[in-house]
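Me: I am new to reading protein structures. Could you walk me through this one, feature by feature?

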Amino acid sequence: MFEHAQKAIELAEKLGADEAEVYISYNHSISADIRKNTIESAKENVSQGIGIRSIINGAVGFASTNNVSRIEDVVNISVSSAKVRESDPEWTSLPSNAKYPEVSGTYDKRISAIGLDDCIGLTGKMIEGALSVPDVNTTSGSFSTSYNKHLIMNTNGVEIVDEGTGVSGFVDVITTKGDISTAYDFEVSRSLDIDVFGIGASASSLAIRSQNGISIEPKKTNVILHPFAFSDIFENTFEPSIDADNMQKERSSLIGKKGETIATSDLNIIDDGLLEGGIETSISDEEGTPSQRTPIIEKGIFKSFLYDNYTAGKDNTSSTGNGMRHSYVSSPSVGPRNLIVEYPSSDVIADTDEGVFINTVIGAHTANAISGDFSVEARNAFTIKDGQIDKPIKSLMLSGNIFEMLNKITGAGSDVRKVGGTVVPSLRISEMSIVG
Amino acid sequence: MSEVGFYDVRMIDATSTSIVLDNGNIEEISVNYSKGCGARALCGGSWGFTTAEGEFDLKAAIDSASELAAQMNSISPKDEVKLKPVEKPVIKNIPTAKIDPADVPIEEKVQLLKDIEDHAKMDGVSSTSAVYSEASVNVHYISSEGIDCEYSLIRTGFAISAVATENGSYQVGRESRFGVCGFELFEENDALALARSAGETAVELLGAEQAKGGTLPVILDPELAGVFAHEAVGHASEADLVLEGSSILADRLGEQIASPLVNIIDDPTLHEYGYYPFDSEGVMSSKTTIIKDGVLNSYLHSRETAQALGGTPGNSRAQGYSEPVVRMSNTYIDNGDSNFDEMLEEIGNGMYLTGSRGGQVNTGEGIFQFNAEKGYLIENGEVTRLLRDVSLSGKTLEILNNVTLVGNDLKMHSGRCGKGGQLAPVSDGSPHISISKALVGGV
């Protein structure tokens, strides 16, 4: 498909496009799936497709296909869709060719060479890890590897080809004796360096420790959120508010807050498209703007929204390299890269006299994405007493507001995890409201 | 070493169009053509899945799935998987589009969407967005058992959302309708009124009080009770979850698990958004009564789970070329014979929860959480003050047993359900139901 890019661009121009852009992605993945302690199935997927953006008088049309024989049709449609629309005076232009940074840790040749037998071996190790803890079953899980390559080409001279690899392992477990309790664990990486046995063992140990939970009284207390719990809430509440598109459409609580203190002074949040080995790392974003490192919160002060090329043009500023796509089927919109949450680390549980430790939450996607209010069910939660994890908690609802939380962070662990693109340690937040 | 004993292929050809409006401007017009197939093969106890896109080679796809299955089975041999025998599906009563969206000029669609968005604008509403989507899909299924069947379907729908702002507070109202139909969707649903209602909800919520959490009697409206039926009960009845040991409903067939007033049904033959004539294994769709008069009556099955547990297949579904997974279609709590006023009178003091912002469930432990769009206090048998940010959580089986009244005003809502990383069109619904005790969370 890649060989058709140039022709597609030329056709769009011939049909009347002022500017045109082609995005082609290719993905090859192999995975093995677990069901009840056995490796049940193998999957091999090759997917590729082309998305075409045509611009006429600032009006954008977009069309896509996975079928080489329909490329001419989609070029036609993208141009005719652009003609249907009124001109957008706020459109500036597609990104121009630029100097691109080098990135590292995004391609592991061991992954692109991996076969199904290796995948099955690693999946088996994950099950072994889970079953190394007695009285636990793995209910489901998966180990997968992927290789991807994409091309971005436009009429302003951008022509980028980037490739990378990825690997992920996850497992769900349930106790088989006594009180029913579940847990999960997962790791994702760009290199073949995840500890598959450890993923299984840690999920099982958590499920066992969560058995026979106690009930607790509603109160306000210290809550330590594991990276899984924090990132789940963070992605559904904070991330939408730093999106320049939401800000421009008056759907962000951070409107007009640039330069203001919005968090405790020890907190830094950085959007980093260049992070070594980051899940969202590549030389450019998905419309061809060079990747960069953008401080979002520096010492508690709100520094910047995230921009793609279009929203940057509207605000007379530069794209922060955040023009992202869900796949070739969609045109770019603002999306975070690796969002790194930094806070000085300590032995955070040992420093906590009283509180609650929460591993994961369910229902974070029901949060109010603008106000940042949320109410979630905490899973695999424990009381903390005199600096130690004490007893499991049966059922717990956690409510709060992300912007209030940012001012109440009082500690962090040294257990930084890459939860997808969110890179974060366990964080302690004071005076959180819990209902048992 | 075992031979490959079974294979099947789903070939899909689809065209979809979406239009996104934001604050009155066209944000995006996007068209997608896709063609490809998902093939699977079974060797002994091992499955192999592959996908091929574009002008694919059918034989190569089958060979590649077969190779994966055989390789998997030789490295990791296990008990043979048997599939429940099925007949070739008889396709009848397929919903047709009265007005094919492809015949409606794009300008007309844009104008209609603009009118819809306009109606969500009112004092207090600071921004609006609206989405229109249409898709036509042809699915062709073949299997090594000689089944060869095909259908075409058109899906059309729209969603509107309005945001209201006041003193740094933000509230959202949303409405949507999606169906297995054509452009007549806009004649059958008053889209403009729905848009107005989204705007009104957002504005109303600005003035709502924060809910105070606690354990209370509650009434759920049809939308939220439908979400409960789908999330908390429907998922736990999926036989793949039962088999893998992550369903609270395992080993409970024939047991009284709910109040005798509760009947929960999954019916893919209804012409609602979750409709299909045959599932992703070529099995003719049919109605399943999951809970009958409070007794767990049946799980939802694929051919593999139906053979393993006993039952009727027909609920295996896949997104695009992905592998089929056991899942729901149109799921609802069936009508009872109470009405809303009786519920208010019975409850006296409690909460009335309406609409849904989504939910999540842990089927293994039987725990769920979801958020209502709005809540109202019920005081002395009357609906009084409006509350916001109300969530409902608890144990599925406790809630099922705490149902004290079931209304007679069943209503379905369309949506999409995620499982195993795949999305599928579904609908769920219920009449109003009254629950004697539930954990309601507030901020």
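Predicted model: local features only at pLDDT ≥ 70, side-chain atom pairs only at ≥ 80, totals over all residues.

Me: What span should the 18 residues of α1(B) have, and how far apart are the end C-alpha atoms?

Reply: Helix α1(B) covers residues 58-75, and at 1.5 Å a residue it should span 26 Å. The end C-alpha atoms are 26 Å apart, which agrees.

Me: Let's turn to where the chains meet. How many residues of chain A are in contact with chain B?

Reply: In general, the size of an interface is often given as the accessible area lost when the parts come together. Here we can count residues instead: 63 residues of chain A are in contact with 62 residues of chain B. On the chain A side, the largest share comes from β2(A), with 11 residues. By class, that side of chain A divides into 20 nonpolar, 27 polar and 16 charged residues.

Me: In which sense do β2(A) and β3 of chain B pair?

Reply: They pair in the parallel sense, over 5 bridges. To find the spot in the viewer, look for A:Ala42, which stands opposite B:Gly48 in β3(B).

Me: Now for strands within one chain. How should I read β4(B) and β5(B)?

Reply: A general idea first: in a regular strand the side chains alternate between the two faces of the sheet. In this model, β4(B) and β5(B) pair in the antiparallel sense over 17 bridges. One place to look is B:Val125, whose bridge partner in β5(B) is B:Ala164. The hairpin of these strands has 4 residues between them, and B:Gly146 takes a positive phi near 90° there.

Me: How many bridges join β5(B) and β6(B)?

Reply: There are 11 bridges, and the sense is antiparallel. B:Gly157 stands opposite B:Phe178 in β6(B). This hairpin has 2 residues between its strands, and B:Asn167 in the turn has a positive phi of about 45°.

Me: Where are the domains of chain B?

Reply: Chain B is divided into domain 1 (4-207) and domain 2 (210-441). Taken over C-alpha atoms, the centres of these two domains of chain B are separated by 22 Å. Across the boundary, 34 residues of domain 1 of chain B are in contact with 26 residues of domain 2 of chain B. The domain 1 side of that contact divides into 18 nonpolar, 8 polar and 8 charged residues.

Me: And what does the domain assignment of chain A give?

Reply: For chain A it gives domain 1 (2-207) and domain 2 (213-436). Their centres, over C-alpha atoms, are 23 Å apart. In chain A, 34 residues of domain 1 are in contact with 28 residues of domain 2. On the domain 1 side, β2(A) gives the largest share, 4 residues. By class, this side of domain 1 of chain A has 17 nonpolar, 12 polar and 5 charged residues.

Definitions and conventions: Residues numbered from 1 in each chain as written. Chains lettered and ligands numbered in written order. Contact = placed C-beta atoms within 7 Å. Nonpolar A, V, L, I, M, F, W, Y, C, P; charged D, E, K, R; others polar. Pairing = 2+ DSSP bridges. Domains from an automatic or database assignment. Expected span 1.5 Å × (residues − 1).
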